[in-house]
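Thanks for making time this morning.

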Amino acid sequence: MAMASLARRKAYFLTRNISNSPTDALRFSLSLTRGFASSGSDDNDVVIIGGGPGGYVAAIKAAQLGLKTTCIEKRGALGGTCLNVGCIPSKALLHSSHMYHEAKHVFANHGVKVSSVEVDLPAMLAQKDTAVKNLTRGVEGLFKKNKVNYVKGYGKFLSPSEVSVDTIDGENLVVKGKHIIVATGSDVKSLPGITIDEKKIVSSTGALSLTEIPKKFIVIGAGYIGLEMGSVWGRLGSEVTVVEFAADIVPAMDGEIRKQFQRSLEKQKMKFMLKTKVVGVDSSGDGVKLIVEPAEGGEQTTLEADVVLVSAGRTPFTSGLDLEKIGVETDKGGRILVNERFSTNVSGVYAIGDVIPGPMLAHKAEEDGVACVEFIAGKHGHVDYDKVPGVVYTYPEVASVGKTEEQLKKDGVSYNVGKFPFMANSRAKAIDTVEGLVKILADKETDKILGVHIMSPNAGELIHEAVLAINYDASSEDIARVCHAHPTMSEAIKEAAMATYDKPIHM
């Protein structure tokens, strides 16, 4: 905000004959920065540090429950990593790159002939940016609708009930609240000896904004993010190599599904170097040279790339919050320790989302946010991390909820397995997308569903029938006896359920 504008507003403030008390000064400062509400907030019921999926959802829910709420966000745009440089822009590019790939390689199979197909990368990136901009504005609109005070700046604790905010306009103010929620999310996990410059060596943020399609693209880390971004640039023409220290890609995934998933990605020309360690990097030339060796040690190899993506996971973002100043306990990984009500060891201070133990997923953070403010409002909140779905948004997608077969074996649980391939699904055959399967795991004695794993196009949409079933302790027979529309991809779930407790019809 221009200084002249600040001066005019200050002059107006003084002409209103409002006393120059500390409280009024705070109210004036807040009115300059939050942009929505016109009153101050030294008597907030809830103050939230962080405006990502956990923070902004918590703020809206708190306001809906009648709690006076202020949300502090340092980015100057709501939505956090997910909306600004994560989930949303990556899905935009995944979709755009898939459309290009389909037009170039698949349309002809359906009788649609295109004489020439080209990538307009600036237009593709512009579409992604437009989607992000519209969604961030949408969240701001929700704040206004629900009367959430919005402070743009970096917050840190002064006390368990006070947050000092350095605003993006260069001001400083103190926001007070009876309950303060830390929802600052996570940041890219760095690797020793590798400096991310967001040009040749990039994080997921830089990988979303490359101005040229790299000829050779190396991904360090075979997790969700690395495979998705490798998928984007691979479809657009990059030669993609994934380097992973572990023996498997996406180690938490069900083993059988994981093997089929890797084979699918390899058919898309994605190369994998598993059980491989990065020991050195040289970006002094035009490209990047990556020195690797077997994870257990051995002969070193040099890989060359135009761009290297560091995607070795994420770490809780709590730096600069001054948590130690008020005595908030954290674990060795920097995660804030909370109880079942999301309370820290410091009365009145809470934490949700990626900064606490549990899956680092946007939708998990949202559920944390709702449950946390419900507890604050005297209601009952609940999130079961064993029933949170996970999705890899490649093509085909992989989605899962509940236990894997490896986990059940480790826990000594007797179970039945039911599987149904999309090769035998009529809708999949009709639209020529037959790759993948549905796998259901159920308790051998009770038939209660324990885990569901789907590899298919739109698996991220199909999984929610299973999520609902698991949350209500349904059996595989319950799903099997529900009438599913024909022909649909979801019939594969019904058939897999039939295979779990009895026999499928179409296989």
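Two strands pair if DSSP finds at least two bridges between them, and the elements are DSSP runs numbered from the N terminus, helices being H or I of at least four residues and strands E of at least two. This is a predicted model, in which local features need pLDDT of at least 70 and side-chain atom pairs count only at pLDDT 80 or more, while totals for chains, interfaces and linings use all residues. Residues are numbered from 1 along each chain as its sequence is written, and side-chain values use heavy atoms, with hydrogens and water left out.

Let me begin with the antiparallel sheet, which is open and has five strands in the order 17-18-21-20-19. Strand 17 (390-392) and strand 19 (415-421) each have a single partner strand, so one side of each is left without a neighbour in the sheet. Strand 17 pairs with strand 18 (residues 397-402) over three bridges, and V391 stands opposite A399 in strand 18.

Helix 16 (residues 491-501) lies across strand 19, strand 20 and strand 21, where contact means heavy atoms within 4.5 Å. This helix runs at about 145° to strand 19, the axes being lines fitted to C-alpha atoms, for helices over the stretch in contact, with angles from 0 to 180 degrees between N-to-C directions.

The other sheet is also open, with five strands in the order 7-14-8-9-10 and parallel pairing. Within that sheet, five bridges join strand 8 (residues 216-220) to strand 9 (residues 239-243), and V219 stands opposite V242 in strand 9.
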